[in-house]
Amino acid sequence: MGLQKPPTTKKGKTMIEAQNHKILQHLKTGKAISPLEAINLCGCMRLAARVFDLRDEGWPIHCEKRPVGFNRRVGFYTLDMDRDKWPS
């Protein structure tokens, strides 16, 4: 048994690449994204991992922990809209 290839989209991107792209496009509009929104937007169950990937590419993404419900906090991610800080 060898290593399996990761699942791909119709356009040949891996699912992770497709999720990263959709999340970045959402952030570029100036909107924040929460884990629940990421699930609805692109089926992403691991938003923090996708944000890690985007930060690793140089995107200035910030996290704000907001209270939701009783004794719970959720990370809402935003992109620094100063385009000088964006990777080229």
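Colleague: What should I know about the ground rules?
Modeller: Residues count from 1 along each chain as its sequence is written, and side-chain values use heavy atoms, leaving out hydrogens and water. In this predicted model, local features need pLDDT of at least 70 and side-chain atom pairs count only at pLDDT 80 or more, while totals for chains, interfaces and linings use all residues.

Colleague: Which pattern does the protein chain follow along the sequence?
Modeller: Helices (H or I, at least four residues) and strands (E, at least two) are DSSP runs numbered from the N terminus. The protein chain has 3 helices and 2 strands. Read along the sequence, their pattern is α-α-α-β-β.

Colleague: How are α1 and α3 oriented, roughly parallel or roughly perpendicular?
Modeller: The axes (lines fitted to C-alpha atoms over the stretch in contact, with angles from 0 to 180 degrees between N-to-C directions) of α1, residues 15-28, and α3, residues 47-56, come within 10 Å and cross at roughly 80°. Angles under 35 degrees count as roughly parallel, over 145 as roughly antiparallel, 65 to 115 as roughly perpendicular and the rest as oblique. So α1 and α3 are roughly perpendicular.

Colleague: Which residues of α3 meet α1?
Modeller: Contact means heavy atoms within 4.5 Å. On the α1 side, Ile16, Gln19, Asn20, Ile23 and Leu24 take part. Their partners in α3 are Leu47, Arg50, Asp53 and Leu54.

Colleague: In the salt bridge of Arg50 with Asp53, how far apart are the closest N and O atoms?
Modeller: A salt bridge needs a side-chain nitrogen of Lys or Arg within 4 Å of a carboxyl oxygen of Asp or Glu. Arg50 and Asp53 are 3 residues apart in helix α3, so about one helical turn separates them. Their closest N and O atoms are 2.8 Å apart.

Colleague: Is Arg50 buried or exposed?
Modeller: Buried means under 20% relative accessible area, exposed over 50%, and partly exposed in between (1.4 Å probe, protein chains only). Arg50 has 7% relative accessibility, so Arg50 counts as buried.

Colleague: Which residue does Lys85 meet in a salt bridge?
Modeller: Lys85 is partly exposed at 48% relative accessibility. The side chains meet at 3.1 Å, N to O, and the partner is Asp80.

Colleague: How many salt bridges does a search of the whole structure find?
Modeller: Besides the pairs already discussed, Arg66 forms one with Glu64, the closest N and O atoms being 3.6 Å apart. The search of the whole structure finds 3.
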